[in-house]
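Thanks for making time this morning. I would like to walk you through one structure, slowly, and then leave it on the screen for discussion.

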Number of protein chains: 2
Amino acid sequence: MNIRENIRPGGRSARVQASVHKAVRDLLSKMDRNEVTIPLIATEAGVTPSTIYRRWGDLQELLADVAVERLRPDAPPKDTGSARSDLEHWAEQYADEMASGPGRAMIRDVLSSVGADTRNAGKCCGYTREQVQAIAERARDRGEEFPDVETVIDEVVAPIMYRILFDDAPPTSAKVLSLVERLFPQRR
Amino acid sequence: MNIRENIRPGGRSARVQASVHKAVRDLLSKMDRNEVTIPLIATEAGVTPSTIYRRWGDLQELLADVAVERLRPDAPPKDTGSARSDLEHWAEQYADEMASGPGRAMIRDVLSSVGADTRNAGKCCGYTREQVQAIAERARDRGEEFPDVETVIDEVVAPIMYRILFDDAPPTSAKVLSLVERLFPQRR
């Protein structure tokens with residue numbers, strides 16, 4: 001499915017999408033996820049159910065689309081003065097957000113929609129990569145050394161996400177800092 | 001939910017469970033996952049739908065239970081003569097299995113059932129930990145050095161799983177070997 005591409009900003013299609021997304025967010029904030037249905041969303045958004053089926057295919061795909069949108073970072077990583085502390089700050093925030101109830105629900109929605117393709121999940125990974133890339137570029141501008149972005153994904157992001165999804169307890173702040181520490185063995 | 005605990009092997013409860021699990025596996029092998037329903041499973045297993053609802057609660061919980069059972073390793077990791085090559089062999093096989101169509105579907109089923117608790121997902125992580133632990137113990141018996149099991153989870157298992165779930169392409173064999181390589185910098 002090719003949902004957001006080729007949508008003219010401000011056009012009818014964009015307005016329908018914004019209205020449906022808002023309806024989903026509003027419904028999810030006041031009822032259980034299992035009770036949300038496409039007819040309910042359509043009523044709340046003021047569109048017909050067939051508009052939703054035509055554009056998103058099914059409920060799971062729509063929920064995933066909304067979740068991806070909510071997982072899109074709304075600001076660049078905070079500039080704390082050094083690459084290492086930028087990464088520490090970002091990684092702690094990432095772990096907190098993803099381990100929260102809404103964070104887990106969004107990850108689940110994104111992963112549940114993955115059929116043959118991993119388009120939605122890939123977008124999330126793309127957002128994460130962009131954030132790490134921004135920290136890396138700032139480090140370069142400051143003349144600091146910084147590990148390869150893919151190494152940060154493997155050694156910091158992946159363990160945080162694995163432990164949120166599969167482990168009994170989410171990673172502690174100390175655990176997150178120790179993951180970053182391993183990438184900066186010579187500093188401090 | 002507390003499904004498998006306290007079931008007497010060979011008793012009525014165990015027979016019902018085996019029969020329902022088999023029905024799910026059989027149905028999943030011949031029809032699309034979205035078409036599988038509890039009434040269909042009940043007919044195939046020769047039990048009433050209410051038996052299934054009573055024991056598993058809902059379809060998602062039952063699919064997760066079956067998936068966890070299928071993800072349980074059926075043999076200890078292969079003994080290839082050294083800790084490093086044991087881990088390489090195991091990690092490549094793990095990546096292959098999890099990245100396969102059935103592997104991804106099982107991971108999705110396990111993660112989809114995660115509501116308030118992460119019991120099913122935690123079991124999968126537990127199986128993985130046991131396999132790595134077995135390699136670690138064999139290494140110790142041979143007098144070889146071996147990293148901490150949690151380090152192997154963070155540096156080998158987590159990146160493999162993250163890239164299967166979120167990245168565009170599953171990890172290549174070269175990528176998996178490079179993850180193991182980082183844990184054995186001094187060898188070879």
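Predicted model: local features only at pLDDT ≥ 70, side-chain atom pairs only at ≥ 80, totals over all residues.

Residues are numbered from 1 along each chain as its sequence is written, chains are lettered from A and ligands numbered from 1 in the order in which they are written, and side-chain values use heavy atoms, with hydrogens and water left out.

Chain A has 9 helices and 0 strands, where helices are DSSP runs of H or I with at least four residues and strands are runs of E with at least two, numbered from the N terminus. Of the 188 residues in chain A, 49% are buried, meaning under 20% relative accessible area, with exposed being over 50% and partly exposed in between, for a 1.4 Å probe and protein chains only. Among contacts in chain A with a separation of 6 or more, 67% join residues 24 or more positions apart, a contact being heavy atoms within 4.5 Å.

Now to the helix pair. The axes of α5 (residues 83–99) and α7 (residues 119–142) of chain A come within 9 Å and cross at roughly 165 degrees, the axes being lines fitted to C-alpha atoms over the stretch in contact, with angles from 0 to 180 degrees between N-to-C directions. α5(A) and α7(A) are therefore roughly antiparallel, a label given to angles over 145 degrees. The residues making this contact include A:Trp90 of α5(A) and A:Gln131 of α7(A).

A:Gln131 is buried, at a relative accessible area of 13%, and, beyond residues up to four places away in sequence, it touches A:Pro73, A:Ala75, A:Pro76, A:Pro77 and A:Trp90.

In chain B, B:Arg33 sits in the loop between α1 (12–30) and α2 (38–45), and at 26% relative accessibility B:Arg33 counts as partly exposed. Its C-alpha atom is separated by 9.1 Å from that of B:Ala105, 72 residues apart along the chain.

Lastly, how many disulfides are there over all chains? The count comes to 0, taking a disulfide as a pair of cysteine sulfur atoms within 2.5 Å. A:Cys125 is buried, with a relative accessible area of 0%, and B:Cys125 is likewise buried at 0%.

Notes: Parallel < 35°, antiparallel > 145°, perpendicular 65-115°, else oblique.
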